[in-house]
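Good morning, everyone, and thank you for making time for this. Please have a look at the sequence and the model on the screen, and then I will walk you through a few of the places that I would like us to look at together.

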Amino acid sequence: MTRKFTRRQILAQAGVAVAAIHTLDPHEICCAMAADAKTADKDLFELKKVADGVYAAIAAPAFKVNCNAAVIVTDDGVVVVDSHSKPSAARAVYQQIQNVTNKPIRKIINTHFHWDHWQGNEVYAGANSGVEVVATERTRNNLSRPDSGNGGVSFVDKQISTVPKEIDQLKAEIAKESNPETKARLESNLRQAEAYLQELKPLKPALPTRTVSSTVTLQERGREIQLHVLGRAHTDGDLFIYLPKEKVVMTGDALIDWMPFLNDGYPEEWVQTLDALDKLDFTHIVPGHGNVLAKDQLVFFRGYLADLIAAVKKSAADGASVDEIKKAVGNQLAPKYERGMSKYPVGQYRDRVGLNVEMVYQKVVKKS
Ligand SMILES: [Zn+2]
Ligand SMILES: [Zn+2]
């Protein structure tokens with residue numbers, strides 16, 4: 001069985017002072033948006049068949065967001081890609097997996113280190129003996145570093161200190177809200193935040209037991225699974241999982257059906273990494289968030305990033321301030337991207353475009 005350490009042990013191994021927890025800026029939270037969350041437990045995931053023995057567990061929009069999972073059934077077991085933000089979510093998907101196969105879980109693959117993609121690992125690691133947790137070397141490092149961004153062992157502790165403040169804020173908003181619909185939504189968010197905090201406290205991180213630093217092929221019985229390391233994009237350790245026979249790729253958050261989150265990302269390299277992904281022969285994308293997509297979503301998503309970078313650079317060169325660029329570029333790109341980037345109640349165009357502009361300004365304009 002995968003050995004599980006407490007968070008304190010992991011941080012101590014990494015030579016980290018556990019006490020060094022800084023206050024979380026709301027902008028740092030990858031995917032927690034002020035969502036219109038109305039998620040009931042039974043509606044957490046919808047298992048969709050993508051190919052024979054390959055499924056996408058599509059997460060319903062929620063205040064405490066969950067990523068999608070991909071489920072790949074082999075001749076003698078199951079490989080699961082990503083494990084959501086909390087053990088209860090992973091348990092919900094695990095139950096659904098058991099409805100389609102009673103084969104044991106063999107491997108968990110984490111696409112990147114963000115909180116909403118790995119915090120349920122312990123459920124699978126505890127379900128069967130010898131479960132491997134696979135990620136890139138960089139993701140493994142990010143998961144155990146003291147402050148690597150929006151995920152990892154230290155981020156669990158950070159959330160334990162910040163979610164209570166979020167709960168207080170929700171309570172205050174509920175108290176002064178008069179619209180019954182808004183009040184009900186806030187109350188649902190409050191329940192989710194409280195339940196999430198209770199799950200975070202005893203979390204026992206199941207970290208990668210096997211890492212890759214370049215593209216490799218796994219020969220799982222009856223199934224070829226390629227793990228592609230294509231360059232930096234959403235993080236410095238993104239992993240793309242590709243099934244060449246079935247023509248399916250799992251992209252984590254490097255390609256999603258929402259607005260991208262750039263805070264831990266590398267905007268210009270991201271475009272190149274998507275160009276490398278484009279060279280693979282696939283017809284279906286299981287993204288980190290949103291529904292199963294056709295390959296042409298890559299062109300749309302890449303186009304947004306490329307156009308965003310070009311527009312921010314141009315406005316900056318013209319002497320505009322960051323605030324002016326946020327407004328101008330947000331309006332400038334809206335006709336082409338607002339509709340396609342606002343399909344769900346989370347991660348919409350107007351929610352994120354300002355922050356995207358700010359990140360490109362910091363990471364591309366100021367660094368050049
Ligand atoms: Zn995510
Ligand atoms: Zn992410």
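This is a predicted model: local features need pLDDT of at least 70, side-chain atom pairs count only at pLDDT 80 or more; totals for chains, interfaces and linings use all residues.

**Helix packing**

Let me begin with helix 9 (residues 296-317) and helix 10 (residues 322-337), which pack at an angle of about 150 degrees, with their axes 10 Å apart. Axes here are lines fitted to C-alpha atoms, for helices over the stretch in contact, and the angles run from 0 to 180 degrees between N-to-C directions. That angle makes helix 9 roughly antiparallel to helix 10, where under 35 degrees counts as roughly parallel, over 145 as roughly antiparallel, 65 to 115 as roughly perpendicular and the rest as oblique. The two helices cross in a right-handed sense; a crossing is right-handed if the near helix is turned clockwise from the far one by less than a right angle, and left-handed if anticlockwise.

Residues are numbered from 1 along each chain as its sequence is written, chains are lettered from A and ligands numbered from 1 in the order in which they are written, and side-chain values use heavy atoms, with hydrogens and water left out.

Returning to the pair, the residues of helix 9 that meet helix 10 include Phe300, Tyr304, Leu308 and Val312, and among their counterparts in helix 10 are Ile325, Val329 and Leu333, with contact meaning heavy atoms within 4.5 Å. Helix 10 also packs with helix 11 (residues 349-365), at an angle of about 125 degrees and with the axes 9 Å apart. That makes helix 10 oblique to helix 11, and here too the crossing is right-handed.

For orientation, the chain has eleven helices and 13 strands, which are DSSP runs (H or I of at least four residues for helices, E of at least two for strands) numbered from the N terminus. Buried residues make up 56% of the 368 residues, where buried means under 20% relative accessible area, exposed over 50% and partly exposed in between, with a 1.4 Å probe and protein chains only.

Which residues coordinate the zinc ion (ligand 1)? They are Asp116 (OD), His117 (NE2), Asp253 (OD) and His289 (NE2), at 2.1 to 2.2 Å; donors are N, O and S atoms within 2.8 Å of the metal (3.2 Å for Na, K and Ca), and since water is not among the atoms, sites may look incomplete. The angles among the four donor atoms run from 85 to 159 degrees, and the site is irregular. Asp116 lies in helix 3 and His289 in the loop between strand 12 (284-287) and strand 13 (293-294), so this pair ties together parts that are 173 residues apart in sequence. Both Asp116 and His289 are buried.

The zinc ion (ligand 2) is held by His112 (NE2), His114 (ND1), His234 (NE2) and Asp253 (OD), at 2.2 to 2.3 Å. The two zinc ions are 3.6 Å apart, with Asp253 coordinating both. His114 lies in the loop between strand 5 (105-109) and helix 3 (115-118), and Asp253 in the loop between strand 11 (248-252) and helix 8 (267-278), so that pair ties together parts that are 139 residues apart in sequence.

Val249 sits in strand 11 and, at 0% relative accessibility, counts as buried. Its contacts, not counting residues up to four places away in sequence, include Phe240, Tyr242, Leu277 and Ile285.

Tyr196, in helix 7 (residues 180-200), is buried as well, with a relative accessible area of 1%. Tyr196 and Lys64 are 132 residues apart in sequence, yet 7.4 Å apart in space, C-alpha to C-alpha.

Most residues other than glycine have a negative phi. Asp82, although not a glycine, has a positive phi of about 70 degrees, and its place is in the loop between strand 4 (78-81) and helix 2 (87-100).

How values were computed:
Four donors count as tetrahedral if all angles lie between 85 and 135 degrees; four count as square planar and six as octahedral if opposite donors are over 155 degrees apart and all others between 65 and 115; anything else is irregular.
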